[in-house]
Amino acid sequence: MAHLFFSDEEYLVVEAACDLVIPGGREAGVADYIDGFLGAFAVDPPRIWAGGPFSGRRGGEASFAEFLPLSPMDELAWRTRIEGSLGIRAREFSGPVVGLQQRYRDGLEALGADFPSLPAHAQGARLRTNEGFTDLLYEHACEGMYGAPEYGGNRDLAGWTAVGFEGDVQPRGYTDDEVSLP
Amino acid sequence: MGSGPGGSAVADVLTSAGWSVVIFEKGRNHLIDLDDPSRRKSDYSNDEIKFTVRHFLGPDPLLEPRTFRRSEADGDRAFVGDVNNLPATVGGGGVHADGKLPRFREEDFRLLGEHGPVDGAALADWPVSYADLEPFYAEAERLIGVAGDADANPFAAPRSKPYPMPPGAPMYGATLSAAAAERLGYHPYAAPTGANSVPYDGRPACNNCGFCAFYGCPIHAKGDPVAPLQRALLTGRAELRPETFVSEVHVRNGVATGVEYVDAGGTTHAETARVVVLAAGAIETPRLLLLSGFEHPLIGRHLMCHFQTIVMGGLRERVHPHRGRSVTHVHDDHLVADAASRQAAREAGLPWFRGGMVEHCGPGGPIQEAKIYPWGDAHLRSMQKSMFRDRMWGFTMQGEDMPQATNRVDLDPRVRDVWGFPVARVTYDSHPFERAASGHYGPRLAAILDEMGAEWTVTTSSPDAALPYGGFISPVPNSKHVMGTTRMGHDPATSVVDSYGRVHHVPNVVVADSSVFVTASGYGPTLTLVALALRAARALTS
């Protein structure tokens with residue numbers, strides 16, 4: 001699959017790092033979640049908010065994959081957050097913002113291109129050395145592992161299945177007994 | 001201003017009386033098809049990323065930050081970001097709430113008279129009584145659609161009508177905690193909830209999906225303001241303008257003449273009006289009055305929220321807290337003084353205290369859970385064991401918060417929003433009253449979890465001044481129940497609005513949200529603010 005943001009080399013580092021912070025993260029496509037988020041504006045509508053009301057997994061017509069259009073204000077907020085303010089005046093109304101893309105480029109450079117080939121203990125050491133970036137990566141990895149698969153992660157519902165979570169359930173919902181009984 | 005529960009209730013009443021109404025909403029519209037208001041939109045979904053991570057219901061704290069400090073000793077501000085943010089979207093706070101809609105009780109309107117003053121608190125009695133408000137409570141319950149059991153709560157105030165619907169299915173965890181609470185002598189009951197237990201007002205029954213608190217309802221079974229807004233729009237006399245930020249109320253010779261607003265493209269417009277209704281919430285409403293140059297010294301003061309005591313416990317069995325209406329049981333016992341609470345108050349140097357309504361509740365979704373555990377080898381095992389989600393249950397007490405003049409909203413001297421206007425600055429610190437009540441009731445809630453068989457319990461409170469900014473618990477209160485910043489009263493010297501929400505000095509400006517509250521009570525504010533808004537709207541049309 002072509003990536004929306006990462007280079008092939010960067011993608012391999014992200015994938016290896018995700019698999020270390022969440023075992024199974026590689027198979028669950030957590031790196032694709034992060035790539036889809038950082039590259040949200042490479043597609044139209046941008047991959048910020050999945051559609052509604054139903055995914056089709058529990059009945060109804062599937063609509064999560066049709067991402068919702070952003071308003072000009074939404075676009076300003078999310079481009080600033082992801083791309084940074086980049087000296088653009090409209091994005092700097094409350095000062096310069098370092099974007100997530102830059103934080104990832106810096107973080108991946110610090111982990112090193114050789115990261116995927118290192119033994120696990122050495123990978124762990126590099127992640128611990130770059131604590132700030134690892135915290136950011138882990139937050140996104142959690143979203144990619146346990147969020148709706150339409151965002152690119154949780155492939156084949158690997159995350160939800162691994163922990164026994166039922167995920168989105170509309171329009172089926174739960175019966176009263178499923179709510180009230182053990 | 002504002003299309004939440006207060007603004008939509010007013011729009012419903014005014015349009016049905018033949019008035020023409022323009023509803024300004026600074027957030028986006030994900031609720032109603034404006035080309036055909038009989039149709040609802042379908043943007044809401046069971047999506048943890050969209051609703052809890054990516055600000056789908058707004059406001060985006062990057063574009064519209066607020067600032068916070070505990071006191072002037074912190075300097076101009078100690079924190080910039082999300083401060084008690086309620087949704088900025090069509091439907092407002094009614095969209096994300098899980099819809100617990102209790103009434104206040106008689107004494108909530110006359111705490112000063114009943115219990116006496118508290119040092120350092122600007123306690124006052126309300127200019128309305130429970131009896132004045134009762135018919136409007138009944139109307140509000142019908143307007144929103146509240147499911148409940150009129151006989152279940154022994155502390156409840158008298159009511160003229162039953163709930164329009166019976167309660168929905170109890171959550172399994174709540175059946176356990178309610179039974180344990182009963183064994184310890186408390187009186188848990190089915191929470192009055194704005195989620196349909198049967199088809200109601202053209203909307204379906206709730207199907208227990210569990211994505212309730214912090215989510216919009218994908219099937220519109222929740223009593224968000226969709227019904228009153230649709231009714232208002234379908235008269236043809238209301239116009240809803242999403243993505244418009246009202247920046248000023250124009251006033252000439254003590255009379256409001258209209259408003260100035262910025263549209264989605266950044267262009268400034270003016271609109272004239274005979275009456276201006278403010279329902280933007282207890283932080284944005286005083287901000288707008290201050291931006292407009294209103295000068296009453298109490299505007300923005302007496303900001304209250306609820307002091308939350310959060311007690312959670314780990315259970316041996318799984319209780320699937322992700323199924324059901326987020327909260328199905330509550331108890332009021334900790335709002336009622338007894339010998340032990342009087343003794344504890346005396347020991348804390350207080351004349352009296354009380355806590356708040358206790359919600360029997362589980363934790364959030366798996367993304368929120370995952371971020372609690374450390375990364376690495378143990379992550380997946382932690383998630384599978386699910387100590388902080390599937391095996392967790394507990395309580396949140398919405399503790400009464402004393403009104404203090406020093407707790408306030410004003411305009412930040414430097415920080416601006418995306419439109420270039422000064423943002424709201426919150427100055428807030430808790431009173432010994434809340435801390436003492438929390439310290440007294442926290443162990444009692446933990447004892448209920450022990451009685452349930454919890455393997456461990458943990459007690460926290462929000463706000464907590466000892467913790468750093470930016471975390472889940474911090475000096476910024478988590479409570480979205482903000483109240484009190486244009487308090488109501490008979491005397492223009494000691495209150496900003498009268499008992500009908502009319503600004504004393506500019507009576508054609510009406511406040512129709514929880515800004516008008518005189519005290520916080522220990523109950524969620526929504527039903528009371530809607531009842532007051534209905535009363536204010538009827539006064540306008542009578």
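Residues are numbered from 1 along each chain as its sequence is written, while chains are lettered from A, and ligands numbered from 1, in the order in which they are written. Because the model is predicted, local features need pLDDT of at least 70 and side-chain atom pairs count only at pLDDT 80 or more, whereas totals for chains, interfaces and linings use all residues.

**View 1. Chain A, a chain with 8 helices and 0 strands.** Helices (H or I, at least four residues) and strands (E, at least two) are DSSP runs numbered from the N terminus, and chain A read along its sequence gives the pattern α-α-α-α-α-α-α-α. Its C-alpha trace spans about 50 × 45 × 30 Å along the principal axes. Of the 182 residues of chain A, 47% count as buried, a residue being buried if 20 or more other C-beta atoms lie within 10 Å of its own, exposed if 12 or fewer, and partly exposed in between, with C-beta atoms placed from the backbone. Two residues are in contact if their C-beta atoms, placed from the backbone, lie within 7 Å; among the contacts in chain A with a separation of 6 or more, 54% come from residues 24 or more positions apart.

**View 2. The side of chain B that touches chain A.** Here 47 residues of chain B are in contact with 44 residues of chain A. At least two residues of this side are supplied by each of helix H2 (48-53), helix H6 (172-183), helix H10 (366-372), helix H11 (379-385) and strand E14 (408-416) of chain B. The residues on the chain B side divide into 23 nonpolar, 11 polar and 13 charged, where Ala, Val, Leu, Ile, Met, Phe, Trp, Tyr, Cys and Pro count as nonpolar, Asp, Glu, Lys and Arg as charged, and the others, Gly among them, as polar.

**View 3. The largest nonpolar core and helix H13 of chain B.** A nonpolar core is a set of buried Ala, Val, Leu, Ile, Met, Phe, Trp, Tyr and Cys residues joined through C-beta atoms within 7 Å, and the largest one has 204 residues, those with the most contacts inside it being Ala17(A), Val10(B), Leu278(B), Val530(B) and Ala533(B). The largest share of this core, 10 residues, comes from helix H13 (residues 526-541) of chain B. H13(B) is mostly covered, with 13 of its 16 residues buried, and reaches 23 Å from its first C-alpha to its last, close to the 22 Å expected at 1.5 Å a residue, the expected span being 1.5 Å times one less than the number of residues. Val10(B) touches Ala533(B), Ala536(B) and Ala537(B), as well as Val277(B), Ala279(B) and Ala512(B), when residues up to four places away in sequence are not counted.

View 4. Strand E2 (residues 66-69) of chain B pairs with E3(B) in the antiparallel sense over 3 bridges, and Thr67(B) has Val80(B) as its bridge partner in E3(B).

**View 5. Strand E12 of chain B and its antiparallel partners.** In strand E12 (residues 356-361) of chain B, 6 of the 6 residues are buried. Strand E11 (residues 327-331) of chain B is joined to E12(B) by 4 bridges, with His329(B) having His360(B) as its bridge partner. Strand E13 (residues 392-399) of chain B is joined to E12(B) by 6 bridges, and Cys361(B) stands opposite Gly394(B) in E13(B).

View 6. Helix H7 (residues 226-234) of chain B is mostly covered, with 7 of its 9 residues buried, including Val226(B), Pro228(B) and Leu233(B). H7(B) is followed by Gly236(B), whose phi is positive, near 80 degrees.

Definitions and conventions:
Two strands pair if DSSP finds at least two bridges between them.
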